[in-house]
Amino acid sequence: MELNFNHIQAAHCENGVTTSLLKNIGVQQITEPLAFGIGAGLFFVYVPFIKINNGPAIAFRTLPGLIFKRTCKALNIPVIRKKFSSREKAEAFLKDRLTEGFPVGCQVGVYYLTYFPKEYRFHFNAHNIIVYGQEEDNYLISDPVMETPTTLTSYELERVRFAKGALAPKGQLYYPVKGKPVTDEQIKRAIKSGIEKNVRNMLSIPGPIAGVSGIRYTGNKIKKWRDKLGTKQAGLYLAQLVRMQEEIGTGGGGFRYIYAAFLQEAYAYHQMDELLEISKQFTQSGDLWRTAAIQAAGIYKGRIGSQEDFNAMGNYLLEIAEIEKEAFTALKKLKWH
Amino acid sequence: MKKEDVPQDLSALGKITKEVCYATDSSGKYVAELSQGWDVKITALDTAWKDIEGKVAAARQKVLNNEASPLLFFMELGIMDISLLADYTGFWKWQIKRHLKPEVFKKLSDKKLQRYAEVFNVNVEQLKNMQVNGA
């Protein structure tokens with residue numbers, strides 16, 4: 001059984017799942033940048049007391065699940081979301097939804113994800129895929145980061161749905177239910193509320209580790225990594241930063257380019273020249289994140305590694321923090337019509 | 001980033017699928033472009049794996065020296081710690097700590113060994129002999 005479903009490739013898995021599932025229920029206006037912006041996806045946080053794979057816990061985007069949740073809520077689309085303790089019930093529920101004609105989003109771990117190259121299979125449990133059919137023992141899978149659809153056997157799918165560790169998916173699945181058609185006016189309002197939420201998250205979260213202040217905080221920390229951790233460990237930390245920033249699914253520049261694309265698309269709904277100008281600031285920020293990544297690579301490749309090199313690396317982040325502070329402040333001051 | 005600057009350094013992922021990047025065209029408008037990888041990312045991932053390989057080699061030596069059971073080798077190879085392995089196998093953490101001792105490991109039943117073997121994608125014989133499944 002194969003549902004009538006269009007595979008869409010996206011930069012980021014959750015954006016992609018959101019875009020595909022919403023398009024599938026008739027929200028024709030939705031695109032990856034719109035889903036990301038309406039879902040207030042852009043973020044930065046460095047949690048110094050948590051370690052991931054023995055490295056720093058750094059994220060360039062909001063918590064897993066929120067983009068889908070916020071976007072559907074902003075567009076007034078009802079969502080079904082379910083976790084399971086029993087593997088049998090998790091599969092039975094999935095099968096029933098497919099029979100009823102719903103493609104279903106699943107949170108999965110990538111460690112046992114057979115179609116991923118081995119090099120990418122870490123214990124990361126916040127990947128998202130869509131199941132859109134079943135042929136004998138194979139489930140038909142639309143993984144948004146892949147160019148084409150793929151398949152998993154029932155054993156393989158069960159294994160990734162019940163991956164263990166941090167953010168264990170517990171068989172979690174979700175899908176939107178078709179409601180009233182989404183109007184351009186709703187999209188327009190959703191864009192405004194998405195931007196306002198993102199402004200708050202980047203400028204107004206108290207404490208030093210999140211948002212624009214988090215970028216500044218990380219920049220200052222990096223300058224101390226060489227003395228504190230030694231060159232080798234500091235190199236590993238920087239490699240982890242770069243992987244979070246660029247690896248599978250950020251669209252480049254730690255999601256900053258997707259956000260810049262979102263502001264351009266927002267202009268089609270709100271003709272305010274400021275949106276295009278601010279979009280350019282996010283492009284500038286994305287470019288600078290990538291320049292910083294090249295500096296980091298010099299360090300973890302061992303080509304450079306003096307304290308001055310670490311200072312230069314830290315200073316890039318301080319500069320980025322300034323650019324993003326200006327950009328979000330400009331978004332905050334927008335006079336919406 | 002301009003469209004023509006989207007890097008095309010072939011990565012392990014690039015052999016299987018290209019990734020979507022967002023970049024600007026000549027008029028400054030954002031478009032989705034496909035990239036087959038970026039050298040900066042490839043070396044970041046290599047750096048992480050080199051670190052893991054070092055830990056795997058150290059674990060192998062410990063097992064050969066009879067200072068640890070083969071579980072240690074497979075844990076490092078699988079990038080797992082005791083608590084994650086406990087989640088996957090259903091053993092308690094204190095049980096796994098015991099099973100990491102060579103003399104305790106040697107006395108484990110095949111049934112228990114099978115629980116570890118499945119998590120590590122090997123069979124019981126391979127588990128005992130630190131053999132990795134090619135597939």
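Reader: Where does A:Asn76 lie in chain A?

Author: A:Asn76 is found in the loop between helix 3 (66-74) and strand 3 (79-82) of chain A, where helices (H or I, at least four residues) and strands (E, at least two) are DSSP runs, numbered from the N terminus. The model is a predicted one, in which local features need pLDDT of at least 70, side-chain atom pairs count only at pLDDT 80 or more, and totals for chains, interfaces and linings use all residues. Residues are numbered from 1 along each chain as its sequence is written, while chains are lettered from A and ligands numbered from 1 in the order in which they are written.

Reader: Why is A:Asn76 called exposed?

Author: A residue is buried if 20 or more other C-beta atoms, placed from the backbone, lie within 10 Å of its own, exposed if 12 or fewer do, and partly exposed in between. A:Asn76 has 12 other C-beta atoms within 10 Å, and therefore counts as exposed. The phi angle of A:Asn76 is near 60 degrees, a positive value in a residue other than glycine.

Reader: What makes A:Glu136 count as exposed?

Author: A:Glu136 has 7 C-beta neighbours inside 10 Å, so A:Glu136 is classed as exposed. A:Glu136 sits in the loop between strand 5 (127-135) and strand 6 (138-142) of chain A, and its phi is near 50 degrees, again a positive value in a residue other than glycine.

Reader: Which residues have the most contacts inside the largest nonpolar core?

Author: A nonpolar core is a set of buried Ala, Val, Leu, Ile, Met, Phe, Trp, Tyr and Cys residues joined through C-beta atoms within 7 Å. The largest such core has 116 residues, and those with the most contacts inside it are A:Val131, A:Leu238, A:Val242, A:Ile258, A:Tyr259 and A:Ala296. Helix 7 (residues 211-246) of chain A gives the largest share of this core, 13 residues. A second, separate core of 19 residues includes B:Val56, B:Leu72, B:Phe120 and B:Leu127.

Reader: How do you know which residues A:Val131 is in contact with?

Author: Two residues are in contact if their C-beta atoms, placed from the backbone, lie within 7 Å. Leaving aside neighbours within four places in sequence, the contacts of A:Val131 include A:Leu94, A:Pro103, A:Cys106 and A:Ile141.

Reader: What makes up the side of chain B that touches chain A, by class?

Author: In all, 28 residues of chain B are in contact with 39 residues of chain A. On that side of chain B, strand 1 (19-24), helix 1 (39-64) and helix 3 (82-89) each supply at least two residues, and helix 1 of chain B gives the largest share, nine residues. With Ala, Val, Leu, Ile, Met, Phe, Trp, Tyr, Cys and Pro counted as nonpolar, Asp, Glu, Lys and Arg as charged, and the others, Gly among them, as polar, the side of chain B that touches chain A has 18 nonpolar, four polar and six charged residues.

Reader: How does the radius of gyration of chain B stand against that of a compact globule?

Author: The globule rule is 2.2 Å times the number of residues to the power 0.38, with the radius of gyration taken over C-alpha atoms. A compact globule of 135 residues would come near 14 Å, but chain B has 21 Å. The C-alpha trace of chain B spans about 70 × 25 × 25 Å along its principal axes, and buried residues make up 33% of its 135 residues.
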